[in-house]
Amino acid sequence: MGKGGGCVPSKKKKPSSLATTTGGDGPGTDDAPIPIEDDQTTTATNTAGTTTPAITISPPLKIFVVFYSMYGHVESLAKRMKKGADGVEGVEARLYRVPETLSQEVVEQMKAPAKDSEIPEITAAELAEADGFLFGFPTRYGCMAAQMKAFFDSTGGLWKEQTLAGKPAGFFVSTGTQGGGQETTAWTAITQLVHHGMLFVPIGYTFGAGMFKMDSIRGGSPYGAGVFAGDGSREATETELALAEHQGNYMATIVKRLAQP
């Protein structure tokens, strides 16, 4: 048991690729934000009676990074994902945690650290405000933790109206061991997105050479970023955190491309 979200390209330019090929046997990666043309311009008339172009500034697209973390492993990935998403112009990432289902007494007995008070709890209704999602959770026998499942179970109202249909989402996970569910935990979570009509966005091998390193233990898979928690004392490595940051950046570019007219 472990401890620890088709676009129409612009008619004015050819779509750019998210990943490019570099030398060697593995694919490379281009983490730079995809340039997006701003066609939302208007005109304004000055006092001389001539017209001058005026640019309408749209509000930023919002990515909600929603997670459950008991010992801080998933939370460390979530914070780096926010950094990656915030690095894309026109996109804003927000951190949220799902409600705890265990009593405070049980949480204390499990010696879980205090939760970051600056990260608010989210309600199901608030999901409607987001343009994209990254959901993070530790594994429980190859599936998401009960706290995250309880949160998804509370989204029945959104499901009934299909409010989240068409919105992209990805996953990131934490497991206790190398065979503890780095892939299956994300794979079994896809059913939640399917019933909402949401779009699952895996990272594939867009992280490039980092996906092929075999000289050290690394969490994460083509499904999404991940961390190995071990007995709880192991912290995420820089490679695991870098993969999380890449996933945040990658999701932000996808959300931005889907928002193009």
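User: How many of the 21 residues of H7 are buried?

Analyst: This is a predicted model, in which local features need pLDDT of at least 70, side-chain atom pairs count only at pLDDT 80 or more, and totals for chains, interfaces and linings use all residues. Residues are numbered from 1 along each chain as its sequence is written, and side-chain values use heavy atoms, without hydrogens and water. Helices (H or I, at least four residues) and strands (E, at least two) are DSSP runs numbered from the N terminus; buried means under 20% relative accessible area, exposed over 50%, partly exposed in between (1.4 Å probe, protein chains only). H7 is largely enclosed by the rest of the structure, because its buried residues number 16 of the 21.

User: How far apart are the end C-alpha atoms of helix H7?

Analyst: The expected span is 1.5 Å times one less than the number of residues. For the 21 residues of H7 (residues 238-258) that gives 30 Å, and the end C-alpha atoms agree, lying apart by 30 Å.

User: What share of the chain's residues is buried?

Analyst: The chain holds 7 helices and 9 strands. Of its 261 residues, the buried share is 44%.

User: How many aromatic pairs does a search of the whole structure find?

Analyst: Rings of Phe, Tyr and Trp (its six-membered ring) pair if their centres lie within 6.5 Å; planes under 30 degrees apart are stacked, over 60 edge-to-face, the rest tilted. One aromatic cluster includes Phe64, Tyr96 and Tyr223. Over the whole structure, the number of aromatic pairs found is 10.
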